[in-house]
Amino acid sequence: MATHHGLGGRDADGPGPDTAASETSVSGRSESDRPDSGRGQSDRAESDRPDSDRPEPRRGQFGSPESGEPAPRRPRAARGFGDRVFRFQLTATGVVVLAIMAAVGLFLLLRAGQALRVAKFSFFTTAAWQPDAHNFGIAAVLTGTLLIAAVAVTISVPLAIATALFISDVAPRKLRRTLVAMVDLMAAVPSVVYGLWGLFLLQQNVIGLSRWLSDWFGWIPLFRVDGTQPGDPLASASVYTASTFIAGIVVALMVAPIQCSVMREVFAQAPAGEREGAYALGATRWGMIRSVVLPYGKGGIIGGTMLGLGRALGETIAVYMIISPVFVIQPHILQTGSNSVSALIALHYGDASPFGMSALMAAGLALFVLTLAVNFTASTIAARSRSGAQSEA
């Protein structure tokens, strides 16, 4: 009698090949895919290893983990003779500029050495200016310089931003060239002209504004005027003339064209695609300016502001013609009497003794260092903005 086989192909001796295949298909995974396989054990062993013993992934040329494809190479153009000459000229020009700046600082330091050795640290805390009596310092003139520059920047920055935005995003295309030429022409006007304008025209028309600010905001020390009473119609107008406020307005109109030019150039470089995208999303013109142009032009705003601040700190003729020099710390910007480092040098340069000349050189050195600090701070802040980073690339 023949031997009877089961449905699964199993005979009396054991399971057949068909049965083994079915068991493998039912389990759904091979021996190597099971959690207890060799790969799982090696993965767990790798995860248990300390970080210091793990092999680091190989990096490509640009810092990304190396894949099977070769890393892209940076394109390098062959430099011809003209390119090498041009590069040498640019490098030489930069080195010459830095050398001239270092020479100016070294010259001021050497000429100011005699006065600084006598005054020492009191040079920064003394308000009087009597170098022949060895009683001199820049506390008063430095305070006046900073106050005049602060008033100028407070007035000029909003004016420059508004003008730059109007030219770059609002004014008709045919009118832009005329406006740009007018702004550049204002930057070319000599400072003595601004000084005459401020002395004979602006001052008499600003006294009313100074009186109003003193009456309503006199409780703020910055706007208080000594010797006046709020609302007194008989108060003399002479206490409001030749003040820090008037000098700051004149300097603001002098530095605003420079600030406007820098800001306008940066605003005009805002990406056209982002402008159009803002309009496509339903933004108004002001919404586009607020969300695209102003964030992009942050570097230009900072750079233009600091450039104008550096110009305001060193302005001489216009300030000298307007202010009434005093050698006391004068924190009231509406009150008559102010001073600045540049005006001090212009006032005493002609009749200074050898030691007095050394003291003036020391004051000029302080102004030189202050201006450099302002410019370096501005360049550092502007380089971190979006427009500044793209300009550095």
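Rings of Phe, Tyr and Trp, the last represented by its six-membered ring, are taken as a pair if their centres lie within 6.5 Å. By this rule, seven aromatic pairs are found in this predicted model.

**Aromatic cluster**

- Ring pairs join Phe121, Phe123, Phe124, Trp129, Phe136 and Phe355 into a cluster.
- The ring centres of Trp129 and Phe136 are 5.8 Å apart and their planes meet at 75°; because planes over 60 degrees apart count as edge-to-face, this pair is edge-to-face.
- Phe136 also forms an edge-to-face pair with Phe355, with 5.7 Å from centre to centre and 80° between the planes.
- Phe136 belongs to strand S2 (residues 135-136) and Phe355 to helix H13 (residues 354-383), so their pair ties together parts that are 219 residues apart in sequence.

- Phe136 has a relative accessible area of 2% and is buried.
- Trp129, at 11% relative accessibility, counts as buried.
- Phe355 counts as buried at 12% relative accessibility, because the cut-off for burial is under 20%.

**Contact of helices H4 and H9**

- Helix H4 (residues 139-170) packs with helix H9 (residues 285-296) at an angle of about 110°, and their axes are 12 Å apart.
- H4 is therefore roughly perpendicular to H9, a class that spans 65 to 115 degrees.
- H4 contributes Leu165, Asp169 and Val170 to the contact, while H9 contributes Arg285, Met288, Ile289, Val293 and Leu294.
- Of the residues in the contact of H4 with H9, six are nonpolar, two are charged and none is polar.

Terms used
Residues are numbered from 1 along each chain as its sequence is written. This is a predicted model: local features need pLDDT of at least 70, side-chain atom pairs count only at pLDDT 80 or more; totals for chains, interfaces and linings use all residues. Side-chain values use heavy atoms; hydrogens and water are left out. Rings of Phe, Tyr and Trp (its six-membered ring) pair if their centres lie within 6.5 Å; planes under 30 degrees apart count as stacked, over 60 as edge-to-face and the rest as tilted. Buried means under 20% relative accessible area, exposed over 50%, partly exposed in between (1.4 Å probe, protein chains only). Helices (H or I, at least four residues) and strands (E, at least two) are DSSP runs, numbered from the N terminus. Axes are lines fitted to C-alpha atoms, for helices over the stretch in contact, and angles run from 0 to 180 degrees between N-to-C directions. Angles under 35 degrees count as roughly parallel, over 145 as roughly antiparallel, 65 to 115 as roughly perpendicular and the rest as oblique. Contact means heavy atoms within 4.5 Å. Ala, Val, Leu, Ile, Met, Phe, Trp, Tyr, Cys and Pro count as nonpolar, Asp, Glu, Lys and Arg as charged, and the others, Gly among them, as polar.
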